[in-house]
Amino acid sequence: NKLSCFENPDSIPINNVPNITSDPYGNLWLRTRNGVLSLDRMKNLSKHTPDNESIFKEKEWANSLQSDSSGLIWFTTVKSRLGFYDPESNKIKLWQMNHLFDGEFTRSYIIDIEFDDEQNIWMTSNQGIIHFNRKTEQFSAFLEEGNDFVHNSSINALKFDGFGNLW
């Protein structure tokens, strides 16, 4: 194994890369301050500017990034929205996370995204765990009755194990 470093390949500036994910086709996807970039197997770097790019014009940057099994690139934004970028159609779809965490969600920061076996989305935040059901397109906060540990707790990472348990 060899660590390689390249600067500004294909004349595309790369400034700060807080998140990287890979898709099922072997491409790497990078969230940078200059937008979303992909790096294919031939090391070709591409900048992606979706047709409906209003979030980028408004400087609503993605703050987490994850590819699902179908190749959609899922992300959350600094304005507490969940969305995906479809590389095939070059479009973005967004959902607003409203009415979670007692109305305090506008100050939340989504940190991590994980998919369960049914491809539903689980997210960590500075206020707890959020679930998004992809079939119903509904959000819920993961709260246990009488247990304030998850609610109002900053959770930085999560992962499903081989048995379907969320850690």
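1. Let's begin with a charged pair: Arg-134 and Asp-68 form a salt bridge, and their closest N and O atoms are 3.1 Å apart. A salt bridge here is a side-chain nitrogen of Lys or Arg within 4 Å of a carboxyl oxygen of Asp or Glu. The two residues link distant parts of the chain, 66 residues apart. Arg-134 sits in the loop between strand E11 (128–133) and strand E12 (138–141), while Asp-68 sits in the loop between strand E5 (62–67) and strand E6 (73–77). Strands are DSSP runs (E, at least two residues), numbered from the N terminus.

2. Before going further, please keep in mind that this is a predicted model, in which local features need pLDDT of at least 70, side-chain atom pairs count only at pLDDT 80 or more, and totals for chains, interfaces and linings use all residues. Residues are numbered from 1 along each chain as its sequence is written, and side-chain values use heavy atoms, with hydrogens and water left out.

3. Buried means under 20% relative accessible area, exposed means over 50%, and partly exposed lies in between (1.4 Å probe, protein chains only).

4. How many salt bridges does the structure hold? There are 3. One of them joins the side chains of Lys-93 and Glu-137, at 3.3 Å from N to O. Lys-93 belongs to strand E8 (residues 91–96) and Glu-137 to the loop between E11 and E12, so this pair ties together parts that are 44 residues apart in sequence. Lys-93 is partly exposed at 36% relative accessibility, and Glu-137 is partly exposed at 34%.

5. Glu-114 and Lys-159 also form a salt bridge, with 3.8 Å between the closest N and O atoms. Because Glu-114 lies in strand E9 (residues 110–115) and Lys-159 in the segment after E12, the pair ties together parts 45 residues apart in sequence. Glu-114 is buried, with a relative accessible area of 11%.

6. Now have a look at Asp-116, in the loop between E9 and strand E10 (121–125). Asp-116 is buried yet has no salt bridge. Its nearest side chain of opposite charge is Arg-134, 7.8 Å away; in this count Lys and Arg are positive, Asp and Glu are negative, and His and the chain ends are left out. What does the side chain of Asp-116 reach? It reaches the backbone nitrogen of Asn-120 at 2.9 Å. Leaving aside neighbours within four places in sequence, Asp-116 is in contact (heavy atoms within 4.5 Å) with Trp-122, His-131 and Phe-160.

7. Several of these strands build an open sheet of 4 strands, in the order E9-E10-E11-E12, with antiparallel pairing. Two strands pair if DSSP finds at least two bridges between them. E9 and E12 stand at the edges with a single partner strand each, so one side of each has no neighbour in the sheet. Within the sheet, E11 and E12 run antiparallel and are joined by 4 bridges, and Phe-132 stands opposite Phe-139 in E12.

8. Strand E3 (residues 35–39) and strand E4 (residues 45–48) pair in the antiparallel sense over 4 bridges.

Definitions and conventions. A polar contact is a pair of N or O atoms within 3.5 Å; within protein, one must be able to donate a hydrogen and the other to accept it, and residues adjacent in sequence count only if both atoms are side-chain atoms.
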